[in-house]
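Subject: Structure handover

Dear colleague,

Here is the structure I said I would pass on. My notes follow below it.

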Amino acid sequence: SCRLNEKAFPNGDLYVGDFKEILPHGKGKYTWSDGTVYDGDWEAGKMAGKGLLIWPSGAKYNGDISGGYLHGFGAFTASDGSIYEGHWRMNIRHGYGKKQYSNSDIYEGEWKEGEHEGKGIYIWNNGNKYTGNWKRGKMHGRGVMEWINGDHYNGCWFNGFRHGNGIYQYADGGYYFGTWTRGLKDGKGLFYPAGSKRPSLKKCCTSLGYDNDHKTALPQCSSLHLEEDIVKKPSIKRSLSEKISVSGVLKGSGRMSSKTAESSGLSDSGREFVHHNSSGTFSFDSDAGQSELQENTAVIYEREYMQGVMIKERIRDYNKLSKKAEKKTKFHAKETQKSSCVGIFKGHNSYHLMLNLQLGIRYTVGKITPVPKREVRAADFGDRARITMFFPKKGSQFTPPHKSIDFYWKDYCPMVFRHLRELFKLDAAEYMMSICGDDGLTEISSPGKSGSLFYLSHDDKFVIKTLKKSELKVLLKMLPKYHNHVKEHENTLITKFFGLHRITLPERRKVRFVVMGNMFCTELRIHRRYDLKGSTHGRITDKDKIHENTTLKDLDLSYEFHMDKSLREFLFDQIADDCAFLKSQQIIDYSLLLGLHFRAPEPLDGLVEPPNISPNMQSSPAGQGLTADGEVLFPSKGFVLLAHEPSSVNTDPGPHIRGRALRAFSLGNQEVDILVPGTGRLRVQLGVNMPARANHKLPQDESDSAEVELFEVYDVILYMGIIDILQEYNAKKKAEHAYKSVKFGHTTISVVEPELYANR
């Protein structure tokens with residue numbers, strides 16, 4: 001039974017309302033000694049139901065309460081005048097809600113744990129507006145920014161910055177389609193002057209070589225279309241199960257601190273607003289004034305940027321570019337059908353293949369992981385070292401039911417590959433989640449002529465490639481020696497293999513897969529990719545076919561690289577060791593895959609002289625960064641070398657590298673890290689985050705006068721690895737690869753010794 005009563009507490013608190021036995025229950029008003037007041041529903045001594053909370057600061061809440069917490073739907077007015085109306089969970093904004101800040105900014109959309117997360121609209125008090133996705137209080141994913149001056153950006157965002165692919169429309173009608181990194185233009189793009197025919201997204205993607213299904217074309221977001229991202233206000237009707245909470249627990253005498261709600265951040269709109277502004281320093285500014293009016297609207301500009309600095313511009317004819325794009329799109333399907341694997345597995349079959357692969361790897365890793373660790377034995381490489389299993393669609397005693405088709409699974413040398421993963425310091429659970437997680441795999445277009453299918457793990461760490469039967473045999477044959485080589489050489493540049501599998505589909509079709517580390521899963525953007533074989537035969541790319549993700553060839557490499565003396569020696573010693581191993585295995589048609597990250601150039605007093613032209617050049621880091629004998633000294637303008645501090649860098653092993661930090665001559669042969677402005681501090685390892693200076697070599701005969709290279713010297717960071725090692729020696733390749741060499745600066749080393757060819 002309930003009774004109306006009044007109770008004063010010794011500490012000065014006062015309650016007037018209904019009681020059940022000795023506890024507040026029903027309707028009642030509680031006034032704390034500091035002036036905080038709650039007037040509303042009570043249940044067994046706790047605020048529960050609907051009520052009004054008023055704090056001495058002037059802040060107030062009117063809405064649902066559960067168990068003493070703001071929980072459900074309610075309106076909160078902070079002491080600074082900001083107003084939030086929406087859903088709450090345990091005193092924290094969570095769900096759909098609208099907040100008007102004290103400076104008149106407005107956010108309406110989804111919240112998670114007190115921060116903008118999901119779909120939402122933010123309108124600044126100056127009229128700028130963002131509509132799109134949020135993560136942890138920052139613009140992240142797909143989104144559209146509209147500036148008051150008429151400019152628009154539609155594309156990808158990351159951590160509050162324009163990051164990835166997008167289209168920027170200027171108020172005067174000009175368009176720029178390209179890529180951004182942390183708010184700055186970075187990479188290739190197309191600029192359409194005002195008055196040009198409005199470019200379609202499809203044509204822009206095709207012109208720059210992007211594939212809509214290619215994950216790397218749109219990093220951080222899967223599409224530029226935002227129709228499904230428009231924020232829709234939920235229905236006002238709410239069931240009891242939808243109600244949200246607020247804080248305030250009766251302790252001891254039933255007293256609730258008046259500071260509870262405010263200290264949880266409910267009234268801290270000023271701090272939140274500053275945090276929001278700081279998250280998008282570049283994002284909130286338009287590129288106003290960067291669109292130039294052009295009389296000839298048939299002309300467009302193919303530009304390349306590095307961290308916001310334009311380094312190259314090429315004038316293109318729009319009509320010709322459009323025709324080429326249409327032609328490329330028209331024949332793309334025919335070219336795809338020619339490839340051996342892609343022609344077999346189309347549409348749903350390719351999807352089934354991906355599901356089968358995930359099911360098989362999950363099964364294998366789960367089966368092999370509990371086996372006690374031991375040394376690898378000779379029998380682990382043998383013909384009987386296989387795990388086979390049938391996966392019926394309906395499931396079995398050993399396999400789960402699945403949505404794919406029936407298939408047989410075979411895992412080759414599971415104990416060997418488990419030990420390789422351990423050598424490469426990969427955690428079994430993380431490996432399985434990368435490949436077999438709910439996010440799935442992404443099918444990517446083949447970068448070569450092999451016709452193989454390629455899948456990329458959701459976190460970009462692993463590449464899965466289909467193999468020919470001959471390639472599988474080569475890998476199994478070389479596996480014992482490969483295992484020994486990577487065990488002895490922790491800094492090897494040779495491709496890391498993590499698993500070898502086969503799927504047998506209905507009608508006995510067999511598909512073989514190898515799981516490899518993705519060399520270009522890096523913290524820095526890769527601006528150029530080169531597949532270097534040390535050959536000149538057919539090793540050049542048609543300029544009109546070069547796009548953002550093109551892997552270039554030997555004769556396309558127009559840079560000389562000058563490296564720290566010690567780093568260069570480490571690199572060449574490892575290349576020599578790796579090539580000696582490949583020679584012993586009769587492997588010939590391999591490549592050095594080279595990735596370049598360019599730092600934004602600064603004008604450097606003209607061309608840098610070749611290092612050994614001036615015999616009197618002094619060793620001075622403040623000069624050209626070269627010693628008297630031509631050695632490069634760092635720091636440079638694009639980054640800084642620092643003594644290695646494990647606590648200051650990410651030391652987690654990557655899928656493409658392992659080993660300790662390298663020593664640099666520039667810092668007295670200490671182990672070093674590299675400090676990259678705008679990114680952070682990175683560990684320098686062999687083939688990863690290696691600093692260098694790139695001198696652009698001007699061609700003797702510049703046939704394309706419409707293309708202008710604006711700088712001659714760049715600070716670069718190198719990434720490299722040796723790939724395509726599953727092709728044994730073939731006499732037909734002899735004339736094609738007479739001698740393989742890689743040149744860095746003024747040092748040339750033989751990648752495959754001439755004796756190999758002389759003995760054939």
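Which residue in strand 23 is the bridge partner of I387? It is D411. Please keep in mind throughout that this is a predicted model.

The seven-stranded sheet

The pair I387 and D411 belongs to the antiparallel pairing of strand 22 with strand 23 (residues 407–412), which spans six bridges. Both strands sit in an open sheet of seven, ordered 22-23-27-28-26-25-24, with antiparallel pairing. Strand 22 (386–391) and strand 24 (441–444) are the edge strands, and each pairs on one side only. On average, and ignoring direction, neighbouring strands of this sheet are turned by 25 degrees against each other.

Helices on that sheet

Helix 6 lies across strand 22, strand 23 and strand 27 (497–504), and runs at about 145 degrees to strand 27. Helix 7 (residues 428–436) lies across strand 24, strand 25 (454–457), strand 26 (462–467), strand 27 and strand 28 (510–517). Its angle to strand 26 is about 65 degrees.

Helix 6 (residues 414–423) also packs with helix 8 (residues 469–488): their axes come within 11 Å and cross at roughly 20 degrees. Because angles under 35 degrees count as roughly parallel, helix 6 is described as roughly parallel to helix 8. The crossing of the two helices is left-handed. From helix 6, the contact involves V416, F417, H419, L420 and L423; from helix 8, it involves L479, Y482, H483, V486 and K487. By class, the residues of this contact are seven nonpolar, two polar and one charged.

D531 has L593 in strand 32 as its bridge partner.

Salt bridges

A search of the whole structure gives 13 salt bridges. One of them joins the side chains of K27 and D41, at 2.7 Å from N to O. K27 is in strand 3 (residues 23–31) and D41 in strand 4 (residues 37–43), and the pair is 14 residues apart.

Regards

Note on methods:
Residues are numbered from 1 along each chain as its sequence is written. This is a predicted model: local features need pLDDT of at least 70, side-chain atom pairs count only at pLDDT 80 or more; totals for chains, interfaces and linings use all residues. Side-chain values use heavy atoms; hydrogens and water are left out. Axes are lines fitted to C-alpha atoms, for helices over the stretch in contact, and angles run from 0 to 180 degrees between N-to-C directions. Helices (H or I, at least four residues) and strands (E, at least two) are DSSP runs, numbered from the N terminus. Angles under 35 degrees count as roughly parallel, over 145 as roughly antiparallel, 65 to 115 as roughly perpendicular and the rest as oblique. A crossing is left-handed if the near helix is turned anticlockwise from the far one by less than a right angle, and right-handed if clockwise. Contact means heavy atoms within 4.5 Å. Ala, Val, Leu, Ile, Met, Phe, Trp, Tyr, Cys and Pro count as nonpolar, Asp, Glu, Lys and Arg as charged, and the others, Gly among them, as polar. Two strands pair if DSSP finds at least two bridges between them. A salt bridge is a side-chain nitrogen of Lys or Arg within 4 Å of a carboxyl oxygen of Asp or Glu.
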